[in-house]
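Hi,

Here is the structure I promised to pass on.

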Amino acid sequence: MRKILTALACLAAFPATAAEGERIQVTGELIDTWCYYSGVMGGPDAVVGSAHHTCALWCSAGGIPVGLQAEDGTIYMVLKIEQDDNLAGGDTALRLASHVIEADGMHYERDGINYLVVDSVISDLGITNLNHEDYGPVPAFAIPKSARQ
Amino acid sequence: MKKLAFALSLLAAPALAQDFSEGSTAKSWNLYAEVPATFEAKVVDVLCEFTGDCPTDCGAGKRQMGLLRSADNVLVMTFKNNQPAFSGSAVDLAPYCGMTINVDGLMLDDPDLGAKNMYMVQKIQVDGGEWKKASQFTKVWKKETPDASGKGPWFRRDPRIQEQIATHGYMGLGPDVDKAFIADWY
C-alpha cells in the first residue's frame with residue numbers, strides 16, 4: 001500500500017504534463033473564444049461566421065484567445081500559427097479571423113481544455129459561414145451608424 | 001483491490017470541483033456561466049508549458065497566458081481582463097511571468113459549451129500587497145499605437161482593424177457584400 005501511495009503521490013505531483021502532444025489535421029473556423037463561451041453577445045450560433053466578423057477582429061486584436069472550432073464542435077485554443085507565436089493580438093490571427101482553415105499541428109489536452117499549435121495552414125477557405133443573413137451584425141453596433149448611410 | 005481503489009480516489013480528489021469563490025470580491029458581468037473565483041497561481045506562458053519554447057518574458061504580452069493554480073496544479077486558461085473593451089489578459093499577466101500571485105475574477109463553467117477552467121482576471125495581488133485591477137490593455141495599446149487618430153474606443157481607431165475592414169468589409173466578405181447588406185438590413 002505504501003508503495004502504491006508513493007507512486008500515486010508522484011503522479012499527483014507531476015500531472016500529465018502536456019508535453020505529450022498528438023499530431024492532428026483539423027478543419028474549422030477561427031473564432032473569438034470570449035464571445036463564444038461567455039454568451040455576452042448572444043448564442044453560440046450568432047457569435048461565429050460573417051455576422052460576428054468585426055467583433056472577431058476586435059477580440060483578436062485585443063488579445064483574446066483565438067479558438068479553432070472543428071467540424072465536430074471541438075474547440076481548440078490556438079497558441080501558435082506557423083511561425084507566428086503572437087496569438088495575443090498578432091497579425092496572423094487577425095488576418096484569419098472568422099476564416100475556415102485546414103490546419104496541421106500538435107494537439108495538447110489538459111484540465112478539460114484542448115490546445116492547438118498549428119505548424120501549417122494547409123488551406124485557407126475564407127469565411128464560409130454567411131450567418132449575417134440570419135443574425136445581422138453581432139453585436140448590432142459592429143457596423144457604426146456612419147457606415148450605414 | 002480496496003486499497004488500490006482508495007488510493008486512486010485520493011489521486012482523483014484534486015480533480016473534483018473545488019470552490020474557489022470564498023473570499024472573492026469579483027464583480028459580476030451577469031454571464032450565464034460565471035463563478036467568482038480567487039486563488040493563488042503561478043503565471044505561465046501556455047505555449048511554453050506545452051512545447052518547451054520559453055522566452056524569459058513569456059512573450060511580453062503577445063502570447064497567451066495561463067495560471068497554474070497552487071491548490072490543485074490545474075492549468076487555468078485566461079482569456080479576458082477587467083476592461084469592457086474586447087481585451088484579453090496577456091498584457092496584464094505577462095509582467096508577472098513565472099511569479100506566484102493571487103488573482104480574483106470570474107471562472108466560466110458551462111458544460112454545455114465545454115467551458116472549463118477558463119478565467120476572466122479582474123484583479124491581481126503580488127506578495128500580499130494591494131490588489132490591482134487587470135486593466136492594462138488600453139494603456140499598452142495607446143503606447144504601442146501612437147498614430148491612431150480620431151476619437152472613440154480603441155477598437156474603432158486601431159489601424160490594423162481599420163485596414164481589415166477597409167479591405168474586406170464588416171462581414172469579411174468584401175465591400176460589395178457590405179453595401180448590399182447594409183442597403184437591405186437598415
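Let's start where the two chains meet: 58 residues of chain B are in contact with 64 residues of chain A, contact meaning heavy atoms within 4.5 Å. Before you read on, bear in mind that this is a predicted model, where local features need pLDDT of at least 70 and side-chain atom pairs count only at pLDDT 80 or more, while totals for chains, interfaces and linings use all residues. Residues are numbered from 1 along each chain as its sequence is written, chains are lettered from A and ligands numbered from 1 in the order in which they are written, and side-chain values use heavy atoms, with hydrogens and water left out.

**The interface**

Chain B and chain A bury about 5300 Å² between them, with carbon and sulfur atoms giving 70% of that. Buried area here is the accessible area (1.4 Å probe) that two parts lose on being put together, summed over both. On the chain B side, Phe50(B), Phe86(B) and Tyr170(B) supply 15% of what that chain buries against chain A, more than any other three residues.

As for polar contacts, 14 residue pairs make one between chain B and chain A, both residues being at pLDDT 80 or more. The term stands for a pair of N or O atoms within 3.5 Å; within protein, one must be able to donate a hydrogen and the other to accept it, and residues adjacent in sequence count only if both atoms are side-chain atoms. Among the elements giving two or more residues to the chain B side are helix H2 (46-51) and helix H7 (175-185) of chain B, but H1(B) gives the most, with 7 residues. Helices (H or I, at least four residues) and strands (E, at least two) are DSSP runs, numbered from the N terminus.

**Salt bridges**

I count a side-chain nitrogen of Lys or Arg within 4 Å of a carboxyl oxygen of Asp or Glu. The whole structure has 10 salt bridges over all chains, and 2 are found across the interface of chain B and chain A. Asp91(A) meets Arg160(B) at 2.6 Å, N to O. Arg63(B) pairs with Asp85(A), their closest N and O atoms being 2.8 Å apart; this pair runs from the loop between H2 and strand S2 (65-69) of chain B to the loop between S3 and helix H4 (91-95) of chain A.

**The barrel in chain A**

In chain A, 5 strands close into a barrel in the order S1-S2-S3-S5-S4, with mixed pairing. Two strands pair if DSSP finds at least two bridges between them. S2 (residues 66-70) and S3 (residues 75-81) of chain A pair in the antiparallel sense over 3 bridges, and Gln69(A) has Ile75(A) in S3(A) as its bridge partner.

Cheers
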